[in-house]
Amino acid sequence: MFCYQCQETTKNAGCDLLRGICGKDERVANLQDYLLYALKGLAAVAVRGQESGVTDPATDHFMAQALFATLTNVNFDAERIYQLTKETFARRDALRSRVHAARHAAGLQCKTPLPAAAGQSADGDIEAYVALGACFSSTINKHSDPDIQSMRELLTYGLKGLAAYCDHAYVLDHGDPSLLAFLHQGLAATLNDELGLNDLIQLSMRCGELGVQAMALLDTANTGRFGDPEPTSVSLGVRPDAPGILISGHDLLDLYDLLRQTEGTGVLVYTHGEMLPAHAYPVFKAFPHLAGNYGGAWWDQQRDFAAFNGPILMTTNCLQTPRDSYRERIFTTGMVGFSGLPHIADRAPGGQKDFSPLIEMALQSQPPLELETGSVMVGFARKAVLDNAGAVLEAVQNGAIKRFVVMAGCDGRQKEREYYTEVAAQLPQDAIILTAGCAKYRYNKLNLGNIGPFPRVLDAGQCNDSYSLVVVAQALAQAVGAEHINDLPISYDIAWYEQKAVLVLLSLLHLGVKGIRLGPTLPAFLSPNVAAFLVQNFAIKGIGNASEDVAAMMAGA
Ligand code: FSO
Ligand code: SF4
């Protein structure tokens, strides 16, 4: 196996032994590589279809789901990846027939042949696919020019992030065909030997542009369905007298179904990880049995889930290999999977998922062990901040707020991430931290105080709610008459882990944001020349020592 798509990749070079740091074993890695290869072939056919007026919306959505399944910490279920690959080939072949027929009828000649991935035989059992994956992972992802390879990887990972956010929005019946069309175009481009570095750079910037569009779509989907987040205090403790269900991941509709089905049962619902921001939405606040947030970021799940005592639902990334202490209590749903874990099936159109197995299990469970007490503030998404734009501006103008530091992104297990806790703690009292994503768990319980009515950590929500931070920055720029958000007193100290964060990074680059600090390490898939390009054009830098970085950021560097 070889995989270097996430920040925790072995030795910041690549997971190339029998198992990745994330727990993905060689067999699943090979199957995922073969799925990606198959998806590239499907993408090439779909692009030719786009050129010929032949589309298949169901296949477009399938592309987003299948690509999402290959994102870090989503799907470790070999059989499921195998089935997705078979479906990819079946959809590819059906679409190719339609495209051929349409082109034939129109008298169109193909100037270039389709790539090999578009015609690869679909035959084979799971073992054959494992073997083919092993073979393709060492060839299809290896271009002789390391810079072309690096840019293809950057684009591919941005597309995986885009696919994930598309899937989240589609779950809420919010679609945008242009986003799905680009998944095909971008993925097909990674097979096209005629494209040079500049083409791939442009496609990556386009990916970032569509990243903003996808996050905006998901924002509309979430706020349209559940209301605009409001500043809300969330309990971190437990109610000792009732059992609970713990729900993690990003899928708010799953939370909604679960809350409706647990109403009146005596079972409480707790959020974990990236589900924390749900507490700020008016629709969720109306459920008195949404009891609080339990535990820390995704990488704390093995400790948190063991202590929780009740059933756990993983709706999206980030899933870790379950420990025996809670293996019997964890369920997956959506694109998440793990061999041997029970999977809650998708909802029928207009219906709900059936969470009764979790509810039955919860009724037999002990209440969770209390891990901590206290509370955190959430709900500072775009509307909550912009409704107070006057107070923010006044605080900036009278010097109460000297600087905003965007510390969005992901958390992870590496010790180097203590840097983010140190930065948050050392930032002076006149600095506000703008956050989104699970990166916040490094500092959201530090009680960093307030500036006027605002907590010094303004939590906009999930990683996709980085969109809110962009909207706030743009509104602020307009209000102070700045030409560009780079002219505002804002610094960016972004923590990345997986491919949604790659998309968020591309989105910020597309918006022209300069001077981003990216840590805790720069991506292993950046070749020296591609890294140099990012430094030259976007002034991207790695992180350093916390106190030096704090001083530099406060000085605008
Ligand atoms: Fe975190 Fe995981 Fe939202 Fe990521 S839970 S690390 S950017 O997958 O998705 O922020
Ligand atoms: Fe390694 Fe990350 Fe790939 Fe997992 S997703 S195999 S940790 S690079």
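The model is predicted, so local features need pLDDT of at least 70 and side-chain atom pairs count only at pLDDT 80 or more, while totals for chains, interfaces and linings use all residues. Residues are numbered from 1 along each chain as its sequence is written, ligands are numbered from 1 in the order in which they are written, and side-chain values use heavy atoms, with hydrogens and water left out.

Let's start with the ligand. The residues around ligand 1 include Trp298, Cys318, Tyr497 and Lys500, where "around" takes a heavy atom within 4 Å. By type, this shell splits into 6 nonpolar, 3 polar and 3 charged residues; Cys and Trp count as nonpolar here, and Gly as polar. Domain 2 (232–344 + 351–363) and domain 3 (388–554) each supply at least three residues to the shell, with bounds from an automatic or database domain assignment.

Three side chains bring an N or O atom up to an oxygen atom of ligand 1 (a polar contact is a pair of such atoms within 3.5 Å). For asparagine 317 the distance is 2.4 Å; for histidine 250 it is 2.9 Å, and for glutamate 274 it is 2.9 Å.

Now for the cores, meaning buried nonpolar residues joined through side-chain atoms within 4.5 Å, with buried being under 20% relative accessible area (1.4 Å probe, protein chains only). The largest has 155 residues, and Leu39 and Tyr492 are among those with the most contacts inside it. Its largest share, 14 residues, comes from helix 1 (residues 26–52), a DSSP run of H or I at least four residues long. Apart from this core lies another of 26 residues, including Phe284.

Key
Polar contact = N/O pair within 3.5 Å; in protein donor to acceptor, adjacent residues only side chain to side chain. Buried < 20%, exposed > 50% of the residue type's maximum accessible area, 1.4 Å probe, protein only. Helix = DSSP H or I, 4+ residues; strand = E, 2+ residues; numbered from the N terminus.
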